[in-house]
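Here are my notes for a colleague coming to this structure for the first time. Please keep the sequence and the 3D view open while reading.

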Amino acid sequence: MLQKIMKKMVEDNILLICEDQALRREIELYIGKGSQSREVILTGEYGAGREFLKKCPRRCYSFFFYYGHKAWSMEKEGEILQLQKELLEKKDYKTAKIYNEYLIMVSRLNQHKAWLFYPKEIQLEHTNRCNARCIMCGHYHADKGKCRDLSEDTFQRIEPFLPFCQYVGLHGYGEPFLAEHILDYMEVYKKYQVRLYANSNLSYVPDKLLPYIDQLFDEINVSCESVQKADYERIRKGLHFERFVENVKKVREKCPHVRLNLFAVIMRQNLGQLAELVEFAAEYGFAKVSMTEMIAMEENGNYGDVPGLYPNLLSQELKKACKRAKQLKVELHFPKEAIREKEENLEQEQKRLHAQHGLGEEEELSVRHDTNLLFDRQRIAREAETESIHRCKGICDVFSSQLYCTLDGRLAVCCVDGYHYTEELKKASSIKEYWQAPSVQMIRDCFQKKKLPSICNNCNFIILDQLKYLDVLDRKTYLETVNRKEKQSE
Ligand code: SF4
């Protein structure tokens, strides 16, 4: 149907993205009042508008959004701001979110200079407290005494973004369900019709939270690296395997529509257990399994745990996991480049693996190693963030549609780079001001100059090839550089 309408409208030089007959007639009458060619009129029909925008060529059309018996220009600042205000006054949050998503896509397509859209997705750190000290995480040596929960001021400042925002991710550097006032926040998310997701170790799931999870959550990414009790508890120090499994069962039972995804970091310590993780996921009704290679942290001194140091074993184990996933019909995501056509030197790698000390249990935990990693992001400065050696095309979808906000209101371009922030929430009085902040502008300039910003040098989204609007042109060199860095630091 949409194709037919589009064909007719192309002939008329105006595209009307609307299948609803009554609304179409209304808009067609409106168009009759005088319109120019090469115009596209979008409506609140989400699927149709989105599909059209995804396939639309760059800078070919001017866009309008039909709302309240009027076609609002999506190219003129005054009309965009006026419509945003109107949607808020009418408390029409459903349309506000659709309009905002279109505006993101239109701004990207027509390369708008001023960005006026809100992030489609906000990752808001509700707490940086965590009940574990996982061996691959910044919490391993963290001084837990410095950990805190989301401040009231930050939440109040982020609230005006929520009517336009579709998803909020509750996690940052902490375990989100530990956050104080979490139930109050849930009520606010419900009011603005925001859908939620979280990364969680599922070690703590209070019963009071379950109805909210059931109603508001789309998915939970559950972290788990081993289903062997001893190994699980050595990797995720401070947690108990049995409690974790109980919580998985509880969430599965009480929140049957919430998608559970199992997220596992591949490292030296669980290299031989990847297929078992797939089996566990199948047994407990996980929708998918995502495996990513561990990125070493200087603070943890764990360069020797990087799985890339055992490339043949890694390839072999991933193949086993893939085979099991196929048999059990589990969706499995993993770094495809790690698969080799043929494995060699397996025996040598096995020997090297066994020669390593155990699972990290020998090392004495000490906050003396705390480098303030979790608490001390630096504002992006010209020297720190500018162009890396890698070339790219397009603009990162995460950067242009998401925002990361720390519990004290520091805004960052994404969740990947934990060392920098771009602006403070209290200093950006409007979303336009945020996008115009010099450090945000610097990142935009990098992408425009086809240079990958250096903060993107260790990006898992790039490694897993998950970005739709950004191509790293020297991808092979990029991946080699990531691996080389790890080997050099070993
Ligand atoms: S680090 Fe990755 S997700 Fe973040 S802005 Fe760069 S490419 Fe995008």
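1. Start with two helices. In this predicted model, helix α12 (residues 311-328) packs against helix α13 (residues 346-355) at an angle of about 100°. Their axes lie 8 Å apart. An angle from 65 to 115 degrees counts as roughly perpendicular. The two helices, α12 and α13, are therefore roughly perpendicular to each other.

2. Which residues make this contact? From α12 come N312, L313 and Q316. From α13 come L346, E349, Q350 and L353. By class, the contact of α12 with α13 has three nonpolar residues, three polar and one charged.

3. Next, look at strand β16 (residues 402-405).

4. Strand β16 pairs with strand β5 (residues 121-124) through four bridges. The two run parallel. To find this pairing in the view, pick E121, whose bridge partner in β16 is Q402.

5. Y404 has A412 of β17 as its bridge partner. Together β16 and β17 form a hairpin, with four residues between the strands. In the turn, G409 has a positive phi of about 85°.

6. Now the ligand. What surrounds it? The shell holds C396, V398, F399, V413, C414, V416, D417, I455, C456, C459, F461 and I462. Helices α15 (397-401) and α18 (460-463) each supply at least two residues of this shell. By class, the shell has eleven nonpolar residues, no polar ones and one charged.

7. Finally, turn to the open sheet. Four strands form it, in the order β1-β2-β3-β4, with mixed pairing. Strands β1 (14-17) and β4 (70-73) stand at the edges. Each has a single partner strand, so one side of each is left without a neighbour in the sheet. From one strand to the next, the twist averages 25°.

8. Strand β3 (residues 62-67) and β4 are joined by four bridges and run antiparallel. F65 stands opposite W72 in β4. In general, strands of a sheet pair through backbone hydrogen bonds, either parallel or antiparallel.

Terms used:
Residues are numbered from 1 along each chain as its sequence is written. This is a predicted model: local features need pLDDT of at least 70, side-chain atom pairs count only at pLDDT 80 or more; totals for chains, interfaces and linings use all residues. Axes are lines fitted to C-alpha atoms, for helices over the stretch in contact, and angles run from 0 to 180 degrees between N-to-C directions. Angles under 35 degrees count as roughly parallel, over 145 as roughly antiparallel, 65 to 115 as roughly perpendicular and the rest as oblique. Two residues are in contact if their C-beta atoms, placed from the backbone, lie within 7 Å. Ala, Val, Leu, Ile, Met, Phe, Trp, Tyr, Cys and Pro count as nonpolar, Asp, Glu, Lys and Arg as charged, and the others, Gly among them, as polar. Two strands pair if DSSP finds at least two bridges between them. A residue is near a molecule or strand if its C-beta atom, placed from the backbone, lies within 6 Å of it.
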